[in-house]
Amino acid sequence: MYSFKKLIVPVVGTRFAHAIPMKNELAEIKSVSELHNQTLAAARAEKAATFYLLECLHQIDSKKAYFELGYSSLYDYIHRALKYSEAQSYERMAAMRLAFRVPAIAAKLRDGELTLTSVAKISGHAKREKL
């Protein structure tokens, strides 16, 4: 059962939280316009949370904290500890490494101009070009 409490999602680049309505509150929305606005807000929050996850993974990777936590690699940590699929784990790891190696890509990812998937795909090309 869902709660009437708001789900709090950290917004990257700021230290405030954005509230997203829970399922019961969505049922109370009467207009299509308001439902659309809530959907847009949820998409923005998801993108912000994804970038925040990449920032966290960057810290885990740079400190090699996954070793201390009992994992053999960053990939192993993402896959087993965070419970992402193999493909999702690779995608997050590849996107994070390229984004933090190329600040312009990180900025575009943070601002929503690039997606996690597109950055992960670009990372394969960047490796071949030795960026």
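Mentor: What follows is a close look at one helix and its surroundings.

The model is predicted, so local features need pLDDT of at least 70 and side-chain atom pairs count only at pLDDT 80 or more, while totals for chains, interfaces and linings use all residues. Residues are numbered from 1 along each chain as its sequence is written, and side-chain values use heavy atoms, with hydrogens and water left out.

The protein chain has 7 helices and 2 strands, counted as DSSP runs (H or I, at least four residues, for helices; E, at least two, for strands) and numbered from the N terminus. The order from the N terminus is β-β-α-α-α-α-α-α-α.

Within α4, the buried residues are Leu-74, Asp-76, Tyr-77 and Ile-78; buried means under 20% relative accessible area, exposed over 50%, and partly exposed in between, with a 1.4 Å probe and protein chains only. Asp-76 belongs on that list because its relative accessibility is 13%. Beyond its neighbours within four places in sequence, Asp-76 is in contact with Tyr-71 and Ala-81, contact meaning heavy atoms within 4.5 Å. The cover over the buried residues of α4 includes α2, α3 and α5.

The packing of α4 on α5 can be described by their axes, which are 9 Å apart and form an angle of about 135°; axes are lines fitted to C-alpha atoms, for helices over the stretch in contact, and angles run from 0 to 180 degrees between N-to-C directions. α4 is therefore oblique to α5, since angles under 35 degrees count as roughly parallel, over 145 as roughly antiparallel, 65 to 115 as roughly perpendicular and the rest as oblique. The crossing is right-handed, that is, the near helix is turned clockwise from the far one by less than a right angle. From α4, Leu-74, Tyr-75, Ile-78 and His-79 take part; from α5, Glu-86, Ser-89, Tyr-90, Met-93, Met-96 and Arg-97 do. By class, the contact holds 6 nonpolar, 2 polar and 2 charged residues, where Ala, Val, Leu, Ile, Met, Phe, Trp, Tyr, Cys and Pro are nonpolar, Asp, Glu, Lys and Arg are charged, and the others, Gly among them, are polar.

After α4 comes Lys-83, in the loop between α4 and α5. Its phi is positive, about 65°, although Lys-83 is not a glycine. Lys-83 counts as exposed because its relative accessibility is 66%.

For the chain as a whole, 31% of the 131 residues count as buried. Of the contacts between residues at least 6 apart in sequence, 40% join residues at least 24 apart.
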